[in-house]
Every structure is written in structure tokens, then in C-alpha cells.
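Hi there,

Here is the structure I promised to pass on. Have a look at it first, and then read on for what I found.

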Amino acid sequence: MHSHPHYSRSAINELSRTHPLLHPLMALEPVSWFNPERQPLERALTGVALTADDVADAAARLGRFASYFRAVFPDTRALNGILESPLQAIPAMQQALNERLNSKLAGTLLLKRDDLLPVSGSIKARGGIYEVLHHAEKLALKAGLLHLTDDYARLDSDEFRNFFGRYSVAVGSTGNLGLSIGIISARLGFKVSVHMSADAREWKKALLRSHGVTVVEYQSDYSVAVAEGRAEALNDPYCHFVDDENSVQLFLGYAVAGLRLKAQLEQQSIRVDREHPLFVYLPCGVGGGPGGVAFGLKLAFGDAVHCVFAEPTHSPCMLLGVYTGLHDAISVQDLGIDNCTAADGLAVGRPSGFVGRVMAPLLDGFYTLPDEEMMSLLSLLAKQENIYLEPSALAGMPGPWRVEGEEQGYRERMGLTPARLARAHHLVWATGGGMVPEEEMAKYLNTSCKP
Ligand SMILES: *Cc1c(COP(=O)(O)O)cnc(C)c1O
């Protein structure tokens, strides 16, 4: 386990002299920052150990498991056992936001509906489930119980459940990762424990317990829950710990989204190239989900895709890590920021160092937004499009207007002329909400100011 330095007040004062954005960040003001270090793809990938082959390998593995999913999760049959989500335009929302912001956004607003992903209703159904499948396959192949050419529907049997029952899986999670890891691990037959921080919702704990998952609760924040889970696994060779902060497998599972989205856009006759730029806005917590997806998108679309991360004003950990270049050596708490947000999944004070280092030269920018804005966007989307998301999933929604309004020379630097922007697609990644119970959703809708 690694320990992290703490920054004294004078060290932070020193740092903010060379990094003036820290002032509004500490004042919890919404900020936008466009990355001056963004590199062309080729150059950005030098020194990155992960390749397109690794992502293709992950996609092939998910393909092998498709027959298992068809057998065990009926709602995956429509897409032949592949866990993927719809992509749709949201013109009424685009118009309503243009009116609200007194603007006229050029281009088309799209929504990627990861709230509708089967099994766990959030983006975590990509990386989280993938990592468990990767682990299960490795164990079964090694034991000689399974062959790559088998029909994986075989895994839905007492023989395999008994085999996996000799092993356990552990994860530290604020919620959605726990749901994904917990549900798929329990189904396969693993013993599984989810270590949860104090801010985790009761309904998520109850849901997990109903699947036979052991929920361990902590009266502290997410990083403590993760540390405890990791410590438990270290002492047990039969236990696999899903390390949200450093996992390459999680990252690759998310990255598969890149080529899938490419096929989906082609199906809808949407072009992406230098003349037809694609902007993608991703809510960011520890970074694995948005980082993996953005990595896959870069491999799929090259420099024609522009990825922007969105974080709560109270938890801007990835912006802080990349902007200062300190990555996981600095936390928002070091700046006196409290990491308190209603956006489950984004309440992370220290970013993944692994993701920050890989993605720093690939990302176009970052912005922060207050909880009240996520809540008000949640209501507006429900009203305009009849789509119900969890608060985190709205973080990407203001992104297109942040790009449109920026005055840091970013659009000029990227060659994003008005003509190109008029042909742009702005894709907001809706990362979750599919599992939120109705009475919880009613509370979300009530806390927001009326649109
Ligand atoms: C986990 C999560 C995110 C962010 O993913 P990270 O890997 O933590 O950065 C965003 N939205 C929702 C709904 C999530 O559950």
C-alpha cells in the first residue's frame, strides 16, 4: 500500500503562485481549463504501454462471454449478449439549454445512454464487469476447466459456481462499481465483499445484500474503504482485489467503448473527421471510467475526437492532478476542499495516477460544476426528454457550452473554425441512473430548482 505526502498551507501557497487556477478551485468556483499540453495521438502514445491490440483482446474476451450473458441475463439477449447502450440525439434539451444560456450552440447534442446498460445500469458495467470476467476466465483456463473455443454458457452451471466459490473478489466503492462487481461476481459463484464508504446510499447496500454480496461499511471516505479492501485481499491469495485506482483491466474494459461507438455513429450516418469534429464530455471520479473510454475513443477516431472531463466543484481531483502535474501525489483535501458532493461516483479526492499520466497528453480539457447545476440539469432533462439519470450523469451536459464560451485560445489552437464547429457532434456521456429506485429519483427531482 502506498502512502501519500500531505501539502502544508505554505506549500499550497507556493504552488498556487505558478498555478493560478488553484485560487478559484479552492474558492469552489466553477472553472474551465483547456489543456495546453494536449499532443497529437501518435506522440501522446509514445511511452504508453497499452495498445490497440490490448483493447481488441478485451473486446474479443467480451465476445466469448456473450453466450453466458444471453443465458444468465435475459435483458442482454436483444444485443446478443453484448453489453452496450443506445446513442440518441436530445434536440429538446439542446433547445432548452440554448434558451437558458442565451446561446445558439452550433452542432448536434447527443446522449450516450449508459444508464441503460444491462446488469448494473451504469458505466461501471463496462470496466467492472470486464475485470471480473477476465479474472474468472484466467482461473478457469488455468484449472483446465475451460477452453477458449468453448461455449461460455457452460459457466452457468454448478460445476463452475462451485469452482469459483473457492475464490473471492473484493472491491472498495462509493456505489456503482460495487454494484457491477458484486452482481457479476455473485452470479459466477465467487464470494464477494464490497467495502463501502459512509456516503454510499442505503438502497445500493440493500440491493447488493439481496444478491448475496457481503457489504462492509466504513465511517470514512472512499480512499479508506479502498485501502481496507486492498489490505484484506493482500492477506488472502484466493482473493482478487479490484483496484479502482490502478487497474489496467478496468481501463481496458472501458476502452472497448471506443470502437463500439464508432460502429454506432456509422450506423447513424454520423461522420467524424477533422472537418466533422466529435466532442465527448465525460464525468470523472477516480478516472478509470472516463479515462478508459477516452483512450478507446482516441484509438478509434484519432485527433478528430475531443475529450473533456467534468467534475464537481467539491471534488476536482483529476483536474488538480493533471493541471499541477502532481497526479496522485496531491488530493483536493490538501487544498482544503471537502470532497462532499451528491454526485455518487464523482466524490473522489485523489485521482488515479496511472490514468492521469496516460491521459494528460490526450485530453482537451476539464471543467467543474456545482451540485445545484447537476440537480437542475437532472430536472430539465426529465422534463424535456423524459430521461431520468443520476446526478453524476449530468456533469457532462454543460460541456458544449463551456467549449463554445471559452476564451483561452483553445478552439483556435485546435483548428476548430466556426465552419467545423457547425458540423460538430457534442456527445454527453450519461454514466448512470438505471438502478436508482423511484423514490430516490423523486428526491433528486425535488431538490433541484425548477427549470
Ligand atoms: C464511477 C462513475 C463515474 C466516474 O468513473 P471513475 O472511473 O470513477 O472516474 C461517473 N459517473 C457514474 C454514474 C459513476 O458511477
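This is a predicted model: local features need pLDDT of at least 70, side-chain atom pairs count only at pLDDT 80 or more; totals for chains, interfaces and linings use all residues.

Is Ser180 buried or exposed? Its relative accessibility is 0%, and since anything under 20% is classed as buried, Ser180 counts as buried. Once neighbours within four places in sequence are set aside, the residues in contact with Ser180 are Ser120, Lys124, Ala125 and Ile129.

Helix H9, residues 176-188, lies across strands E4 (168-173), E5 and E7, and runs at about 165 degrees to E4.

And in what order do the strands of the sheet come? The order is E6-E5-E4-E7, with 4 strands forming an open sheet and the pairing parallel. At the edges are strand E6 (214-217) and strand E7 (239-242), each of which pairs on one side only. On average, neighbouring strands in this sheet are turned by 20 degrees against each other, ignoring direction.

Strand E5 (residues 191-196) runs parallel to E6 and is joined to it by 4 bridges. Along this pairing, Ser193 stands opposite Thr214 in E6.

Key:
Residues are numbered from 1 along each chain as its sequence is written. Side-chain values use heavy atoms; hydrogens and water are left out. Two strands pair if DSSP finds at least two bridges between them. Helices (H or I, at least four residues) and strands (E, at least two) are DSSP runs, numbered from the N terminus. Axes are lines fitted to C-alpha atoms, for helices over the stretch in contact, and angles run from 0 to 180 degrees between N-to-C directions. Contact means heavy atoms within 4.5 Å. Buried means under 20% relative accessible area, exposed over 50%, partly exposed in between (1.4 Å probe, protein chains only).
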